[in-house]
Amino acid sequence: MRMPRSFPDVSAHYPPMPMVYLSLGSNVGDREAHLHAAIEALPPAGVRVRQLSSIYETEPVDYLDQPWFLNCVVEAETELTPQALLAALRSIESQLASQKQFAKGPRKIDLDILLYGPETINTPDLQVPHPRMHLRRFVLTPLAEIAPGLTHPAWPGSVTELLQRVADPSQVKRTHIDPARS
């Protein structure tokens with residue numbers, strides 16, 4: 001009788017995939033459908049979703065004369081480099097026919113990289129951690145829901161501590177929309 005062949009555990013020889021946090025937002029058209037379409041497009045793009053925050057309805061910030069947003073945060077793993085991840089997110093935005101008419105204006109879908117593991121990246125097209133995330137209640141609230149103790153070397157505390165100190169007075173309301181709806 002032949003014994004089953006065992007193989008050494010090689011997982012320890014490969015670096016773990018970095019944990020990434022993405023912010024998703026929509027304030028044009030069927031906002032809920034746009035968020036769900038973007039979430040469903042992540043795995044085929046090489047982004048393995050591990051956790052989804054609740055979906056929040058959020059007041060616009062900076063440019064106020066626009067509809068309220070639906071926002072959520074995704075915790076995921078990816079083998080993509082930061083630049084390849086950014087390209088994948090821009091491709092999803094393009095597939096969903098999202099166009100920003102101007103910075104901070106209305107959009108069908110907006111996908112941003114908040115964090116890419118513990119890395120700090122500062123290139124003309126990508127800044128990680130996202131440069132304004134620590135100032136935005138609409139980002140910190142859903143992020144604190146799924147990763148309250150998360151820290152980054154560039155921060156003076158955890159996500160929860162950043163949220164407690166944020167000066168942003170904008171309204172952020174949890175909805176009853178299921179973020180994992182298929």
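Ser 158 counts as buried because its relative accessibility is 12%, where buried means under 20% relative accessible area, exposed over 50% and partly exposed in between, with a 1.4 Å probe and protein chains only. This is a predicted model, in which local features need pLDDT of at least 70 and side-chain atom pairs count only at pLDDT 80 or more, while totals for chains, interfaces and linings use all residues. Residues are numbered from 1 along each chain as its sequence is written, and side-chain values use heavy atoms, with hydrogens and water left out.

Ser 158 lies in the loop between helix 3 and helix 4 (159–165), helices (H or I, at least four residues) and strands (E, at least two) being DSSP runs numbered from the N terminus. Leaving aside neighbours within four places in sequence, Ser 158 is in contact with Pro 148, Gly 149, Leu 150 and Thr 151, contact meaning heavy atoms within 4.5 Å. Another loop, between strand 7 (127–128) and helix 3 (137–146), holds Pro 129, and the peptide bond that leads from Val 128 to Pro 129 is cis, with omega near -5°.

The protein chain has 4 helices and 8 strands, and 45% of its 182 residues count as buried. Strand 1 (residues 19–26) is largely enclosed by the rest of the structure, because 7 of its 8 residues are buried. Its pairings are listed below; two strands pair if DSSP finds at least two bridges between them.

| Partner of strand 1 | Sense | Bridges | Example |
|---|---|---|---|
| Strand 4 (residues 69–78) | antiparallel | 8 bridges | Leu 24 with Cys 72 |

Leu 24, when residues up to four places away in sequence are not counted, touches Leu 35, Ala 38, Ile 39, Leu 70, Asn 71, Cys 72, Val 74, Asp 110 and Leu 111.
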